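Please open the structure in a viewer and keep the selection panel at hand.

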Amino acid sequence: DLHPNELPMWLAHPWASYCEDSHPRVRLHWLCDTAELVVRWTVAVALAEVVHAHDGVIPNDVARAILEHVERPTLGRWLAILRALCKASPKQLIATQDLNRWVSSTLEPAFQTEQHGGTITSSLLVLRNQVAHGGGMTRAKAETLVAQHEPTLIDLLEGVKATIAGSRVVADGLALMGLS
């Protein structure tokens with residue numbers, strides 16, 4: 001069992017709430033929230049890696065690649081920001097182990113768009129959009145979706161845990177530049 005204390009604070013709270021709640025529709029919302037925060041947390045770490053590798057600034061080409069997504073940050077756009085940051089991240093990462101490999105092998109496949117074969121039962125992105133915008137859902141359907149997606153969410157959280165093993169990510173008052 002993955003304990004919330006083993007996770008970064010950003011992820012510990014929604015994961016604990018997911019684990020503590022017994023109602024399937026509420027658990028489904030916590031599952032989606034936790035999955036989305038995995039993406040946002042990964043963006044923050046990837047951004048820190050890029051900024052650190054470029055002497056405290058975001059390179060102009062990276063800034064241009066992420067700017068339109070930052071202005072309207074949907075989950076799909078967070079994923080686009082992450083892809084751009086992973087392309088620009090250094091070969092020798094400071095805070096993480098194999099972040100780019102984990103993103104491409106585990107995180108990205110868990111969030112496939114409908115255009116790339118993602119469905120409500122196979123993609124956390126499609127599921128999140130359905131839960132957020134699709135209206136009501138029966139208890140039985142929510143139970144089924146929780147059971148289908150929980151292993152993927154646990155894999156993502158275990159991946160976060162492994163990616164930062166032995167590291168501590170701390171904000172340093174660094175002013176992010178280059179987004180103008």
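The crossing of H4 and H5 is left-handed, a term used when the near helix is turned anticlockwise from the far one by less than a right angle, with clockwise giving right-handed. This is a predicted model, in which local features need pLDDT of at least 70 and side-chain atom pairs count only at pLDDT 80 or more, while totals for chains, interfaces and linings use all residues. Residues are numbered from 1 along each chain as its sequence is written, and side-chain values use heavy atoms, with hydrogens and water left out.

Select residues 75–88 for helix H4 and residues 99–110 for helix H5; their axes come within 10 Å and cross at roughly 150 degrees. Axes are lines fitted to C-alpha atoms, for helices over the stretch in contact, and angles run from 0 to 180 degrees between N-to-C directions. H4 and H5 are therefore roughly antiparallel (angles over 145 degrees). Next, display the side chains in contact (heavy atoms within 4.5 Å): Leu79, Leu82, Arg83 and Cys86 from H4, and Asn100, Val103, Leu107 and Glu108 from H5.

Stay on cysteine 86, which is buried at a relative accessible area of 14% (buried means under 20%, with a 1.4 Å probe and protein chains only). Then select cysteine 32, also buried, at 5%. The count of disulfides (pairs of cysteine sulfur atoms within 2.5 Å) is zero.

Finally, select helix H1, residues 9–20. Its buried residues are Leu11, Ala12, Pro14, Trp15, Ala16, Ser17 and Tyr18.

Conventions
Helix = DSSP H or I, 4+ residues; strand = E, 2+ residues; numbered from the N terminus. Expected span 1.5 Å × (residues − 1). Buried < 20%, exposed > 50% of the residue type's maximum accessible area, 1.4 Å probe, protein only. Parallel < 35°, antiparallel > 145°, perpendicular 65-115°, else oblique.
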